[in-house]
Amino acid sequence: MRSRTKGKRSSAEARMGHVIVLGNEKGGSGKSTSAMHLIAGLMKAGFKVGCIDLDSRQRSISRYLENRRQLCDRTGLRLSFPRHEVIDPSTLDSREAAQREEEAEFEQALFELRATCDFVVVDCPGSDVFLSRVGHRAADTLITPMNDSFVDFDLLGKVDPDTNEVKGPSIYSEMVWEARKRKAMVEGKSIDWVVMRNRLSHLDAKNKRRVQQVVTNLAGRIGFRLAPGFGERVIFREMFPMGLTLLDIIDDKAGVQLSMSHVAARQEVRDLLTALRLPGVEVGSNDDKDAQAARAV
């Protein structure tokens with residue numbers, strides 16, 4: 001992957017890091033895996049990256065980074081790490097006081113990371129909790145991974161079961177709409193909302209086409225962009241215990257032999273980074289290791 005900075009942004013605000021939020025009220029959609037690969041891709045491109053874990057119960061992104069640290073300690077492998085913060089739930093009895101404390105801690109962590117990093121990646125809980133709503137409001141780019149099914153789509157929109165006609169937005173889309181409205185009122189800025197379809201089958205299927213149709217219709221109706229997601233590949237899940245991403249395995253010390261499946265998955269990560277249109281990020285084509293793996297087949 002090759003990247004370069006297109007130019008320095010002039011204003012003080014432009015110098016603050018760009019906030020990328022991974023959010024979906026449904027668990028298991030690939031938020032943390034997507035977040036970790038975005039972090040790795042941006043670090044590999046030479047950017048300073050911060051990370052905030054808002055899901056202190058599951059701590060998926062935090063566990064990913066802990067596994068990564070342990071791998072480095074065991075093997076001597078030298079990998080990059082983001083600056084990382086975890087926002088824990090408040091223990092105050094009053095709900096209003098607890099929410100004020102949680103929001104203040106998040107805003108302080110976000111401010112400090114934005115001041116020192118080019119990008120800040122925020123991993124939200126897979127449920128409708130206060131910290132998740134606060135995280136969504138902070139987004140410059142909001143990424144919503146969804147599995148390629150009507151079960152996952154149900155949080156985005158309502159569909160007529162007979163005609164597949166989109167009847168309207170659902171609960172998560174309404175929450176995002178509120179976040180966008182507040183962002184516009186408070187900061188005068190918009191949120192670029194991107195939905196990525198994960199775990200796509202590599203085979204053509206009726207369900208796949210129907211989901212494509214309703215997601216495309218809803219995108220035009222409520223204003224989000226579609227981005228290519230990650231295919232149904234076991235290798236994305238295999239990386240977690242080692243804390244590795246598909247962008248790390250070119251290092252021989254990682255002990256992972258690059259296969260054509262890895263090459264295809266790495267290209268999916270590049271395609272996602274390209275589709276996000278992040279400021280200053282320009283993604284290149286396959287690197288030499290990918291080309292070597294392709295020639296070996």
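**Reading the salt bridges**

Guide: At 27% relative accessibility, R59 counts as partly exposed, where buried means under 20% relative accessible area, exposed over 50%, and partly exposed in between (1.4 Å probe, protein chains only). This is a predicted model, in which local features need pLDDT of at least 70 and side-chain atom pairs count only at pLDDT 80 or more, while totals for chains, interfaces and linings use all residues. Residues are numbered from 1 along each chain as its sequence is written, and side-chain values use heavy atoms, with hydrogens and water left out.

Visitor: Which side chain does R59 meet in a salt bridge?

Guide: A salt bridge is a side-chain nitrogen of Lys or Arg within 4 Å of a carboxyl oxygen of Asp or Glu. R59 meets E66 at 3.6 Å, N to O. E66 is partly exposed, at 30% relative accessibility.

Visitor: How many salt bridges does the structure hold?

Guide: There are twelve salt bridges.

Visitor: Where does K189 sit, and where is D140?

Guide: Helices (H or I, at least four residues) and strands (E, at least two) are DSSP runs, numbered from the N terminus. K189 forms a salt bridge with D140, with the closest N and O atoms 3.3 Å apart. This pair links distant parts of the chain, 49 residues apart: K189 lies in the loop between helix 7 and strand 8 (192-198), D140 in the loop between helix 5 and strand 5. K189 is partly exposed at 26% relative accessibility, whereas D140 is buried, with a relative accessible area of 10%. Through shared partners, salt bridges join D140, K183, E187 and K189 into one network.
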